[in-house]
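Here are my notes on the model you sent.

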Amino acid sequence: MFSSSSSPPWLRTVSLGVGAILASVFAFILFSALAALLRGVEWEFFGAVWSPREEKFGLLPMIYGSLILSFSALALGWVLSLGCCCTLRGLGPRWLAKILLTSLRFMTAIPTVVYGFAAVFLLVPVIRSAFGGSGFSWLAAAVMLALQGVPAMTLTMDGALQSIEEQTSLTAAALGLTPVQHLTWVVLPASKKWLLSSALLGYGRALGDTLLPIMLAGNAPQFAASPLESLRTLTAHIGLTLSTGAGGGERSSLLLAGGLLLVNSMIVSLTARALAGRGPAA
Amino acid sequence: MRKREMSLLLLSRLSALLVLGVLGGLLAFLISRGGPVLGKELFFGDTPPLEALLGLRPVWNGLWPAVAGTLFLLLLTMAFAVLPGIGCGVYLSCFASPREKYWLSLAVDLLAGIPSIVMGLFGFLLIIFLRRTLLPRGSTGMLLAAFCLALLVLPSLIVATRSSLEALPDSLLLAAEALGFSRGQTLRHVLLPAAGQGILGGVMLALGRAAEDTAVIMLTGAVASAGLPGGLTSKFEALPFAIYYTAAQYADRAELDRGYGAALVLLCLSGGLLFLSWRLQRNLERRWKGVR
Amino acid sequence: MEFCVSLRDLSVSFGSRQILKGVNVDFPCRKVTVLLGRSGSGKTTLLRSINRLNESFDGYRGYGTGRVFLDGVLRPISGSGSLPLSILRRKVGMVFQSPNPLPLSIGKNILLPLALVAGKEGEEGKDAMKKALEEVGLWREVSDRLDRPASSLSGGQQQRLCLARALALTPEILLLDEPTSSLDRAAGRRIEELIFSLRERYSILMVSHSLSQAQRLGDYFAILTEGTLNGLLPASELPHGAEAETFIANLL
Ligand SMILES: Nc1ncnc2c1ncn2[C@@H]1O[C@H](COP(=O)(O)OP(=O)(O)OP(=O)(O)O)[C@@H](O)[C@H]1O
Ligand SMILES: [Mg+2]
């Protein structure tokens, strides 16, 4: 609108200051992670065993845990979101769409810790009685992460689909396509990019979430092979280990875990930006 | 050909019902367990409410310290975040040169994606760093937690401010310029009031995010029992942390019930904030829809 | 005279505004009828009531009767005894004011409606696509890039694609809503020539804002004033040259 020279000087200072602080947050974490990596060569941070008593600080089980948990939650959540989005866009009756939209909006307000709390006393016992074991498992965390991710993913998908639908509905109707055909064969294929970027959003959130894995996944630092086994994510690892006030190798491994999470979220954000910047806007 | 339509139809019906069913079950469960315990006792235990509110007597078996801690934390967070957030949003939408716009919005986008536990870790590292250098006696506490939460919600504030301003019709700007307003005057008397509701909505959204976040405060000074917030650098209680802690460590039925109550209270708090922000932003949209 | 569309006391309103106020007209078969009228007089609305596209809008209410002559049978446009919606729209093709390719590839733009609406898939669909593209003179230009996005074509090419898309569905009636108004003169001429070449095989209802274009193409003229229309004017009854302009201006 205006040019930068016309800005009040204090506003410019504040804004650039904010930018500088944000940049230094990144620098600080990345630098600490790097320092930890260099310092702790003998601790084998990328080893497969986490056992502080034996001076083994391998982060691999947590990296594995973070990845399989977030991808499984994403797969489940994305499919659910696609379904919900189709309901919103006219595959379901109007009343159902209305109820669903209100519910999804409300769900964005539910605190993660509340999801976690309810799941500890509702979902975990169900899993325990159905499959045995403690119930605190990959499965429990994945289900809740998926559910938690649905509203944000659905609403972003819906926004994009809606605008494409508005642009093309008259044309499709004039050709004799039914609304269902229009959605299936025109709108969905044309919004691939946004379906992808909503998946990216869901992945970023699932991988960065701390509370659900820490409350539900059991937190054993191991390579879970079945959904009923316990696992530990990088985020939960930071939360659990830091609050015990450990030092040395444990502390350094945390810094590295933080750095890994940060790098991952940066990759996600940059990819999302690149996706949003390319092609015609919705 | 028809197969794809059928399976999509099936999927849509299934997932809508599944999501609604699970959500309904979850809420019913929380309300049925938490509803009965809502009341004076939930907050104040057996301390007289007035004395508890005034801080004359400590509350041992109630949520009041956690509620007070959360409210205080929110206040402090907003004190840190609101001005820079709105200022940066205004600068981005109105004044920034293309280069500044690129770099600032890149920083904001990147920060928006940071997992909150990483922000907590940052706070923790920051205090260690400060202890080694400037503040040998510094420790985690309210101030640090609020600072990190402020960083966490800054991006959403900036984005909300920016998009509220950019949603205004160009004609508004032109009209003000044509009347001979200076840039500052246009901004203060025309643009900001016009976008005010949207910006306020963004603040509510940020409040909601700060109120529910657990991972940051877990690493920056929240504890299970600290009484009422004692000062800027002391440890504190907070609702989300209390819920998290109860789920893992509850000792008896009464504590568990308090956990359900806390979950319900927090749900109402963030639900209320979201509702407010939604109303405000919808008002803004309605107001300018005819003009665009 | 044989007619393809017959409207009796057709009224259309959106919300509380009445747009068409009792239209009575029979459009002739296999001729070009040009609809003239001021902006906002309801020309687009009239075309859309023939393929029931008005029903896609909120607040639509329609009265009166409309009948179409398709497959040798005269049927009501809507109500009992009418054709199913998708068949009606397949038989009554429409081209819009500005080109509106679907956000798909060039080929898919034609193949998809063929498959979904006309049930022509595979080789059959491809043949029909080729035929339609040849009919609008686009085949040579796009045959080697059918999988590129349709938005990569020029405006005139896009409009011919839209025409081909309608033709591929083997319609009997074509509704053309100012098909040349968003194009430059050369591209517009191209479309005009196409319409001229189609006049023998299709019944064409066309909205035009250009009097000279109307005179070049039209066999009949229909003049819409404030939502009413009564009867047609054969081209032979229209005075020529500058007189025509004042003549029509008087009618409007
Ligand atoms: N879906 C709708 N909802 C409400 N009003 C409508 C709708 N469609 C058209 N109208 C109104 O009906 C009137 C006639 O519209 P129409 O598009 O038929 O005019 P037109 O003769 O085609 O004009 P032009 O030459 O400018 O294209 C206009 O005043 C328009 O505002
Ligand atoms: Mg029109």
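**Notes on the predicted model**

1. C:Asp71 lies in the loop between β4 and β5 (73–76) of chain C. With a relative accessibility of 47%, C:Asp71 counts as partly exposed.

2. C:Arg52 also has a positive phi, near 60°, and is a residue other than glycine. Most residues other than glycine have a negative phi. C:Arg52 sits in the loop between α1 and β4 of chain C. Is C:Arg52 buried or exposed? At 16% relative accessibility, C:Arg52 counts as buried.

3. C:Phe14 and C:Phe57 pair edge-to-face, with 6.2 Å from centre to centre and 80° between the planes. C:Phe14 belongs to strand β1 (residues 3–14) and C:Phe57 to the loop between α1 (43–50) and β4 (60–70), so the pair ties together parts of chain C that are 43 residues apart in sequence. C:Phe14 is partly exposed, at 24% relative accessible area. C:Phe57 is partly exposed too, at 32%.

4. Over all chains, the structure holds 16 aromatic pairs. In one of them, the ring centres of A:Tyr64 and A:Phe223 are 5.2 Å apart and the planes meet at 55°, so this pair is tilted. A:Tyr64 is in helix α2 (residues 60–91) of chain A, while A:Phe223 is in the loop between α8 (211–216) and α9 (234–242) of chain A; the pair therefore ties together parts that are 159 residues apart in sequence. A:Tyr64 counts as partly exposed, at 28% relative accessibility. A:Phe223 is partly exposed as well, with 37%.

5. Two charges over rings are worth checking. The charged end of A:Lys193 sits over the ring of A:Trp194, at 4.7 Å from the ring centre. A:Arg273 lies over the face of B:Tyr102, 5.5 Å from the centre of that ring.

6. Which residues touch the most other members of the largest nonpolar core? They are A:Phe117, A:Met215, A:Leu216, B:Leu30, B:Met119 and B:Ile217, in a core of 164 residues. Helix α4 (residues 64–95) of chain B gives the most to this core, namely 16 residues. Beyond its neighbours within four places in sequence, A:Met215 is in contact with A:Val113, A:Gly116, A:Phe117, A:Val120 and A:Phe136, and across in chain B with B:Tyr244 and B:Ala247.

7. A second, separate core has 53 residues. Among them are C:Leu36, C:Ile110, C:Ile191 and C:Leu194. In soluble globular proteins, nonpolar side chains tend to be buried together.

8. A:Ser198 is in helix α7 (residues 192–208) of chain A. At 2% relative accessibility, A:Ser198 counts as buried. Apart from neighbours within four places in sequence, A:Ser198 is in contact with A:Trp78, A:Met153, A:Thr156 and A:Met157.

9. Chain B has 12 helices and zero strands. Its C-alpha atoms fill a box of roughly 65 × 65 × 40 Å along the principal axes. Of its 292 residues, 51% count as buried. Among the contacts in chain B with a separation of 6 or more, 73% come from residues 24 or more positions apart. Chain B exposes about 13400 Å², and carbon and sulfur atoms supply 64% of that area.

10. Helix α5 (residues 98–112) of chain B has 15 residues. From first C-alpha to last it reaches 21 Å, close to the 21 Å expected at 1.5 Å a residue. Its buried residues are B:Glu100, B:Leu104, B:Ser105, B:Leu106, B:Ala107, B:Val108, B:Leu110 and B:Leu111. What do the buried residues of α5(B) pack against? In chain A, they pack against α1 (9–39) and α10 (248–277). In chain B, their partners are α4, α6 (116–132) and α7 (142–166).

Conventions:
Residues are numbered from 1 along each chain as its sequence is written. Chains are lettered from A and ligands numbered from 1 in the order in which they are written. This is a predicted model: local features need pLDDT of at least 70, side-chain atom pairs count only at pLDDT 80 or more; totals for chains, interfaces and linings use all residues. Side-chain values use heavy atoms; hydrogens and water are left out. Rings of Phe, Tyr and Trp (its six-membered ring) pair if their centres lie within 6.5 Å; planes under 30 degrees apart count as stacked, over 60 as edge-to-face and the rest as tilted. Helices (H or I, at least four residues) and strands (E, at least two) are DSSP runs, numbered from the N terminus. Buried means under 20% relative accessible area, exposed over 50%, partly exposed in between (1.4 Å probe, protein chains only). A charge sits over a ring if NZ of Lys or CZ of Arg is within 6 Å of the ring centre and within 35 degrees of the ring normal. A nonpolar core is a set of buried Ala, Val, Leu, Ile, Met, Phe, Trp, Tyr and Cys residues joined through side-chain atoms within 4.5 Å. Contact means heavy atoms within 4.5 Å. The expected span of a helix is 1.5 Å times one less than its number of residues. Accessible areas come from the Shrake-Rupley method with a 1.4 Å probe; for residues, only the protein chains shown count as cover.
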